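Hello, and welcome to this short briefing.

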Amino acid sequence: MLAEVICNGLIAGSVYALAALGYTLVYGVLGFVNFAHGEFMMVGAFVAYIAVTWIGLPLPAAVGLSFLATGVLGVLVERTAYRPLYRKSRLAPVISSLGVSMMLRAAFQLGFGPQERSLRDIDTVPTALALGGFSVPWYRIAVLVSSIAILAMLHVWITRSRLGKAIRAVAQSPDLAQASGVNHLLTISLVFLVASGVGGASGAMVALDRSLDPNMGVMLGFKGFTASVVGGIGSLRGAWVGGFLLGLCEHLFAAYVSTGYRDALTFVVLVIFLLAMPNGLFGKAFRKA
Amino acid sequence: MKKTRFLGLIATGLAIAVFAASCGKKKEETASAPVPKPAPAVQEAKQVFSIGYAIPLTGPAVSYSEIQKKAVEIALTEVNEARAPQAAKMKVLWEDSKLDPSVAVTAMKKLIDVDKVPVVLGFSSGEILSMAATANRTQTVLVAPMASAAAISEAGQFVFRLSPSDTFQGKVIADVICGDGKKKVAVLYVNNDWGAGLKGSFTTQLKKLGAVVAIEEPSNPEDKDFRTQLAKIKGASPEALVLFLHPQEAIHAIRQIREMKLEVALYGGDTFSDASICEKIPSLAEGIVFALPAKPSSPEFQAFAKKYEAKFGEKPDINAAVGYDSVKLVAAVMDKVGTTGEAIRQELAATKGYRGASGEVSFDANGDVVSKQFDVLVIRGGKPVAR
């Protein structure tokens with residue numbers, strides 16, 4: 001059973017890590033928590049749903065479309081709802097993000113109704129990979145592999161490429177970056193394109209793994225946020241570690257301690273880290289405003 | 001800059017304190033025992049009289065409210081068509097309870113204070129148990145078409161329900177499982193008033209019959225991932241697995257049971273009569289056995305089913321029937337005694353042998369329906385059929 005539980009924990013963890021990445025990217029560059037991120041994930045799930053069931057695209061293309069559409073949505077939201085507020089107060093964009101989150105949820109509930117939907121045919125037993133005492137269905141393997149692939153690609157892109165360097169430069173010091181010729185407003189848009197896009201792609205993964213509905217972003221966003229805090233919000237490596245750690249903890253806790261309090265564990269972990277280690281495992285000290 | 005921020009903080013703090021204090025006061029006021037019911041709404045002038053229904057219009061239990069709306073629509077059409085043209089028409093006001101007991105109480109208070117309804121219908125056991133205090137205090141009749149937790153029997157004299165208590169249902173399922181010769185049984189239940197109550201009465205009866213409860217695993221409402229619980233259940237190698245889950249949760253659980261190749265006989269609560277299960281996973285749900293507090297073969301149910309199918313093009317389930325019965329019964333009572341809560345309560349309590357679509361309705365001293373019979377059903381070929 002242990003192997004099966006660890007496998008489930010890793011799959012959940014890979015999705016949490018993707019979600020955490022969105023929080024970390026935005027926080028690292030702008031220093032505020034984008035609470036609408038969970039809803040960007042929900043939007044990504046719906047884009048994938050529309051792509052698969054209405055347009056008839058294959059799954060990988062649908063995930064790609066989710067990335068693009070949600071990324072563009074992220075850029076638009078940043079331009080209209082966050083950017084005018086950066087100079088007002090540090091709290092203003094955070095509150096604005098809460099508003100965006102409620103608006104998106106309400107809009108999708110109005111448009112699609114509150115019921116659950118599914119990305120694939122759920123009335124058949126999917127082909128599965130047998131692993132000793134248990135088997136993992138193909139779609140779960142797809143979720144794990146593609147989540148890790150997206151994480152790895154982003155990691156390389158941010159640490160190695162020119163644009164990635166620009167992002168890190170703006171994160172370190174926006175003024176200095178601007179003085180050195182980095183267009184920092186354009187960089188912020190780029191960050192939102194990537195962070196929201198990855199969120200959308202991970203939402204599509206969740207939809208593939210479980211189901212989708214307009215309220216799915218609430219818990220997902222919360223788990224992703226917790227993972228990013230555990231790893232150290234603002235740290236790329238932290239998002240990886242926090243995500244997998246949270247996924248594993250949750251499943252091991254459910255298997256060996258209590259199933260009923262599984263979600264409560266996430267809240268407890270968040271509170272403990274905020275109190276004892278607010279910088280998380282890999283985070284730098286919080287930036288002073 | 002710093003000073004203004006500090007002042008802002010103080011102002012916010014003060015505002016919160018004042019708000020909290022005023023809320024606290026309000027609570028105390030309302031808590032002071034029996035507040036006379038606000039003057040019964042006299043609806044003759046408005047040509048309409050209303051009752052309320054607090055039900056999840058959003059969230060995981062939404063499939064129920066859609067059925068309720070349809071069933072209530074049929075009941076209202078019948079009730080209002082039977083009236084003289086000038087007579088006041090009956091209306092049902094819907095409020096979203098989100099499957100959340102505290103939201104349900106707020107919804108109920110709104111229905112009572114703003115809409116002045118004398119009767120409120122409620123949905124789940126947890127919601128009904130929370131709403132009961134308000135019902136008894138304000139002398140508002142609370143009718144539960146579906147809620148079945150054992151604890152509702154003690155909820156007070158203004159609470160009535162049309163589905164038998166889980167004490168009966170748990171027993172029936174335990175009897176069926178033992179009758180099938182299963183001796184080692186696992187339970188996966190949703191950890192709320194309904195699931196835990198049903199599990200309690202089920203395991204008590206199971207032990208009485210000499211079978212063993214191999215493992216009991218709880219899950220949270222709205223859970224979608226049951227793999228960890230199922231891995232534990234697999235490890236306990238039971239002969240049968242009972243699912244006390246809501247339909248949406250059950251769909252995820254059954255998919256995961258089949259994926260994990262957990263080969264046990266599956267049994268469930270009355271939630272398996274929900275159409276969404278046979279609609280979404282007809283082949284995966286094949287062979288699941290469940291008990292239902294109804295006789296779909298009765299002429300009253302058939303007559304209701306015919307109207308429902310003609311109007312909506314789908315077959316009604318037992319939950320539709322109890323919703324329909326609740327509204328028709330309340331309408332008949334209100335026609336007789338008017339719109340005061342106390343008079344409605346007395347008349348409702350005296351109901352004996354009302355022949356509804358969901359079966360015969362008579363209430364005992366606790367406002368529990370007695371005299372309903374259970375059918376044991378099995379899902380075959382994507383349809384629940386009598387076993």
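What follows is a short tour, grouped by topic.

Please keep in mind that this is a predicted model. Chain B holds 12 helices and 15 strands, and buried residues account for 51% of its 387 residues.

**Chain B overall**

- Of the contacts in chain B between residues at least 6 apart in sequence, 68% link residues at least 24 apart.

**A helix pair in chain B**

- Helix α11 (residues 318-337) of chain B meets helix α12 (residues 341-349) of chain B, with axes that come within 9 Å and cross at roughly 120 degrees.
- At that angle, α11(B) and α12(B) are therefore oblique to each other, and their crossing is right-handed.
- On the α11(B) side, the contact is made by B:Val333, B:Met334, B:Lys336 and B:Val337; α12(B) brings B:Ala343, B:Ile344, B:Glu347 and B:Leu348.
- By type, the residues of this contact of α11(B) with α12(B) are 6 nonpolar and 2 charged, with no polar ones.

**An open sheet in chain B**

- In chain B, 3 strands make an open sheet in the order β11-β12-β13, with antiparallel pairing.
- The edges are taken by β11 (354-356) and β13 (369-370) of chain B, each of which has a single partner strand, so one side of each has no neighbour in the sheet.
- β11(B) pairs with strand β12 (residues 359-363) of chain B in the antiparallel sense over 3 bridges; B:Tyr354 has B:Val361 in β12(B) as its bridge partner.

**A hairpin in chain A**

- Strand β1 (residues 128-131) of chain A and β2(A) are antiparallel partners over 4 bridges, and A:Ala130 has A:Ser135 in β2(A) as its bridge partner.
- The hairpin of β1(A) and β2(A) has 2 residues between the strands, and A:Gly132 takes a positive phi near 60 degrees there.

**Where chains A and B touch**

- Chain A gives 24 residues to the contact and chain B gives 28 residues.
- On the side of chain A that touches chain B, α1 (2-30), β2 (134-137) and α10 (236-256) of chain A each supply at least two residues.
- That side of chain A divides into 11 nonpolar, 8 polar and 5 charged residues.

Terms used:
Residues numbered from 1 in each chain as written. Chains lettered and ligands numbered in written order. Predicted model: local features only at pLDDT ≥ 70, side-chain atom pairs only at ≥ 80, totals over all residues. Buried ≥ 20, exposed ≤ 12 C-beta atoms within 10 Å, placed from the backbone. Contact = placed C-beta atoms within 7 Å. Axes fitted to C-alpha atoms, helices over the stretch in contact; angles between N-to-C directions. Parallel < 35°, antiparallel > 145°, perpendicular 65-115°, else oblique. Left-handed = near helix turned anticlockwise from the far one by under 90°. Nonpolar A, V, L, I, M, F, W, Y, C, P; charged D, E, K, R; others polar. Pairing = 2+ DSSP bridges.
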